[in-house]
Amino acid sequence: MHLNIMTREEMKRAYEIDLKEAFPPAELKPLWAIEAMRERGVYDPLCMVDETGETLGYILLWKHEDGRYILIDYLCVPAGRRNGGIGGRLLQAAIGYYPKDTVFIGESEAPTGDPAADELILRRLGFYARNGAKTLRYDNALFGVHYKTICWADPMPEESEIMRKHQEIYLQQFGREKYDRYIQIPLLPGEKPRPLTDWTE
């Protein structure tokens with residue numbers, strides 16, 4: 001198995017078929033925004049393929065302009081291939097794809113207190129923990145959705161440095177006005193996420 005950077009056509013097909021199935025609209029960026037970030041050199045849409053060329057999954061990575069800090073934007077295994085260990089292999093392959101000092105930041109939806117909703121949320125957090133993620137002390141909220149912040153790094157930078165780079169990834173994309181409207185990094189204890197909004201530019 002190996003990772004490839006997707007062509008524009010491969011990205012469109014993955015988006016329309018698999019990402020739309022896997023992610024709710026509030027969490028899914030428009031395809032045009034993903035392609036615009038790729039054109040700026042700050043976005044790597046990767047797919048994992050097997051020895052026959054069959055696609056096993058996708059990991060889309062949003063890079064800080066310094067190249068060292070990378071936000072795991074989406075990790076997606078197509079519906080028919082889930083629960084077979086592909087997600088963990090995909091995550092580890094992506095971490096190995098970049099230089100050893102790369103810092104990977106993740107955002108995984110925070111528990112809500114609703115047992116029905118939280119079953120899947122807790123499974124996701126457990127998956128990341130089993131695959132080496134450290135849960136950081138600060139949460140975040142993006143377009144009204146509350147997330148736990150997770151990280152992979154060796155060595156692990158100071159959390160204040162990770163948070164600053166996390167903020168800058170969004171600031172570099174949105175500018176201050178839209179950042180202040182839609183992004184809460186950190187989400188302070190007791191602070192509520194802003195109203196739910198679709199990802200916009």
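Colleague: How many aromatic pairs does the count come to?
Modeller: In this predicted model, rings of Phe, Tyr and Trp are taken as a pair if their centres lie within 6.5 Å. By this rule, the count of aromatic pairs comes to 9.

Colleague: Are the rings of Trp 62 and Tyr 170 stacked or edge-to-face?
Modeller: The centres of the two rings, those of Trp 62 and Tyr 170, are 4.8 Å apart. Planes over 60 degrees apart count as edge-to-face, and here the planes stand at 70°, so the pair of Trp 62 and Tyr 170 is edge-to-face.

Colleague: Which helix and which strand does this pair of Trp 62 and Tyr 170 link?
Modeller: The two residues are 108 residues apart, and the pair links distant parts of the chain. Both Trp 62 and Tyr 170 are buried. Tyr 170 lies in helix α5 (residues 159–182), and Trp 62 in strand β3 (residues 55–63).

Colleague: Which residues do ring pairs link into a cluster with Trp 62?
Modeller: Trp 62 and Tyr 170 form an edge-to-face pair, and both belong to the cluster. Together with Trp 62, the residues linked by ring pairs are Phe 143, Tyr 170, Phe 174 and Tyr 182.

Colleague: How many disulfides does the structure hold?
Modeller: A disulfide needs two cysteine sulfur atoms within 2.5 Å. For Cys 47, which is in no disulfide, the nearest cysteine sulfur is that of Cys 76, 12 Å away. The number of disulfides in the structure is 0.

Colleague: Is Cys 47 buried or exposed?
Modeller: A residue is buried under 20% relative accessible area. Cys 47 has 4% relative accessibility, and therefore counts as buried.

Conventions
Residues numbered from 1 in each chain as written. Predicted model: local features only at pLDDT ≥ 70, side-chain atom pairs only at ≥ 80, totals over all residues. Heavy atoms only, no water. Phe/Tyr/Trp six-rings, centres within 6.5 Å; stacked < 30°, edge-to-face > 60°. Helix = DSSP H or I, 4+ residues; strand = E, 2+ residues; numbered from the N terminus. Buried < 20%, exposed > 50% of the residue type's maximum accessible area, 1.4 Å probe, protein only.
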